[in-house]
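Have a look at the model first, then read on.

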Amino acid sequence: MMNLQKYMLAAPLLLASSLGASAGDGVKVEHLGVNNTLVRVDGDGKYLLLPVQEDVADAKVNILLDGKLERTFYVRLAKSKVDYTVPLNLEPYKGHNIVLDINANHDRSSIREAKDAACWNALEVSNTFDTSNREKFRPAYHHTPEWGWMNDPNGMYYQDGIWHLYYQWNPFGSKWQNMTWGHSTSPDLIHWKHEAVGIEPDGLGTIFSGSCALDKTNSTGFGKDAVVALYTAAGMSQTQSLAHSDNNGETFIKYPGNPVFTLESEARDPNMFWNEKTGEWNIMLAHALEHEILFITSPDLKTWTLQSSFGKGEGAQGGVWECPDLFPLDINGKQKWVLLVNLNPGGPFGGSATQYFVGDFDGKTFTADTDKDGKIPTKWMDYGKDHYATVTWSDAPDGRRTALGWMSNWQYAADVPTQQFRSANTLPRDLSLFEANDGQLYLASTPSPETLKLRDNAIVKGKSLNAGKKASAFALPSANDGICEIAFDIESKKNSKVDITLSNSKDEKVVITYNPSDNTISFDRTKAGDSSFSLDFPAVTVAPTFTTDGKTSVRMFIDRSSIEMFAKDGKYVMTNLVFPAEPYSRISFSSAGAAKISNLNIYSLKSNL
Ligand code: FRU
């Protein structure tokens, strides 16, 4: 009996070592069990390149440094084919014995089968990782991650001429996982530089959304003007954590007393500002499942006091409340407060969207304006399908309030036809308030003035035309895959609809319709290109024009797979993704009645790729 046991134990060991031979450069692979493989890094190089297959389950990878667990992450290690590779940065581990203890989760029945997975031979230690663009749908002037998945913009702050942007990032693949704060910086909101990782997961969890600000009064004791960050640590629970940076946002030191705030139910995405009037911090936290925003005060970001909540039963309630922001804007010499609340699902066209409330804030409580019936109206910041998790920059210069949104929708974000990266951010938008005919205050969003820098040649300049039954068409720029800005004014002479069509030679088209009889403008992407990846993608989105005189205007930005359409004065905005087989090559104007199109300008734009 004893002997038999010995034999049974010894057999898999023999098998494991005999299967250890095949591997890529700089690694040694040992299959210990059907689902358990050790990868020893025994070559020199900056990165271990991990082969990914998009449609397999995540493998769980424990990094062992000198035998001790350093961290755990998840990656879809290739089973039958390698779609792309992602780099594990080995630099921080130099001088240690590095072993990856992997649960491959490949659903195999024997070690012999498990060893056939495509990933093992393709693992490689390398000094380089190729980040040059391979994607035809990667925007040429919007911010995108160099590789991997991105969702919410996080921790945006401005200091010394630099706009900092962190973002929810998966460095190990193009689907949501391993949430980390990626980091980019820009001198002008248009040209982005990719920086080293901002904040990495730790024992308290992965790093969910949050905010940054400058601590101008040294309230935290981390130093005057230190960059402070609040974020949600997503571990067994969602808890709130504090960190600060003393090297211009390059890296962060986590507060040893974390978490600084806990609740029994899901709460996340802390957004803060220093309130000069009250001399303390205001923190807004999304009480996600309760559909409310919590208002918290703190003298030092370490001790938090819950003051009030807003939202229960108000506004759109169709999904979780996430990513709040609160800021003042002046209108008619008066200060009003705007509360942004991102909602998923429950947006006006399905899935994710950003709602907002205008009202007053006394440092502890937010009170929303009501309509003539005493109800709190639901207002939408953008009337497209691809605008979410929008928040604004802290400490922006010249009193600006500048916003950025994630240009996707949780309905299909993980399925859009890209692989090297997934998702872009919107163009930056400067916000202001205006009063509409219903007496309510609304947010106007205009493309930040820096976007003017993108203009190259005007291929149509100041053109006017009468749009009738027969369409008048203009060619769109062909340089840089057709990226362009198009602006024009519309005046419908007979209260009849006006169609503006973007099309290509494959008969793919976007139809924009201005309807003066109900003062709306719509965007039909049902025939815009590829939508095979999701039944939720084809859509017609509709915005109020906030005009009643048969006139409106359009300023539109096309960037390979996105179209953002603004009223020239920012009263409506619509952001929609499109995936045409080839760029739209013409724009045409037609009307069932008669309409005048004037000030038509078409600019080709400069590419940052
Ligand atoms: C919003 C969100 C946030 C959360 C983050 C996780 O898109 O769900 O509430 O912090 O994404 O990546």
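Cys212 counts as buried, with 0% relative accessibility (buried means under 20% relative accessible area, exposed over 50%, partly exposed in between, with a 1.4 Å probe and protein chains only). Keep in mind that this is a predicted model, where local features need pLDDT of at least 70, side-chain atom pairs count only at pLDDT 80 or more, and totals for chains, interfaces and linings use all residues. Residues are numbered from 1 along each chain as its sequence is written, and side-chain values use heavy atoms, leaving out hydrogens and water.

**Cysteines**
- Searching the whole structure turns up 0 disulfides (pairs of cysteine sulfur atoms within 2.5 Å).
- For Cys212, the closest cysteine sulfur sits in Cys323, and at 14 Å that is too far for a bond.
- Cys119 is buried too, at 0% relative accessibility.

**Around the ligand**
- The shell around the ligand includes Asn151, Gln168, Met179, Phe208, Arg268 and Tyr388 (a residue is near if one of its heavy atoms lies within 4 Å).
- By type, the shell splits into 5 nonpolar, 3 polar and 4 charged residues.
- Strands E9 (148-159), E13 (206-215) and E17 (268-275) each bring at least two shell residues (strands are DSSP runs of E, at least two residues, numbered from the N terminus).

**Polar contacts and cover**
- An N or O atom in the Asp152 side chain is 2.7 Å from a ligand oxygen (a polar contact is a pair of N or O atoms within 3.5 Å).
- Trp176 has a polar side-chain atom 2.9 Å from a ligand oxygen, and for Trp410 the distance is 3.0 Å.
- On its own the ligand exposes 320 Å², and the protein buries 95% of that (Shrake-Rupley areas, 1.4 Å probe).

Conventions. A polar contact is a pair of N or O atoms within 3.5 Å; within protein, one must be able to donate a hydrogen and the other to accept it, and residues adjacent in sequence count only if both atoms are side-chain atoms. Helices (H or I, at least four residues) and strands (E, at least two) are DSSP runs, numbered from the N terminus. Ala, Val, Leu, Ile, Met, Phe, Trp, Tyr, Cys and Pro count as nonpolar, Asp, Glu, Lys and Arg as charged, and the others, Gly among them, as polar.
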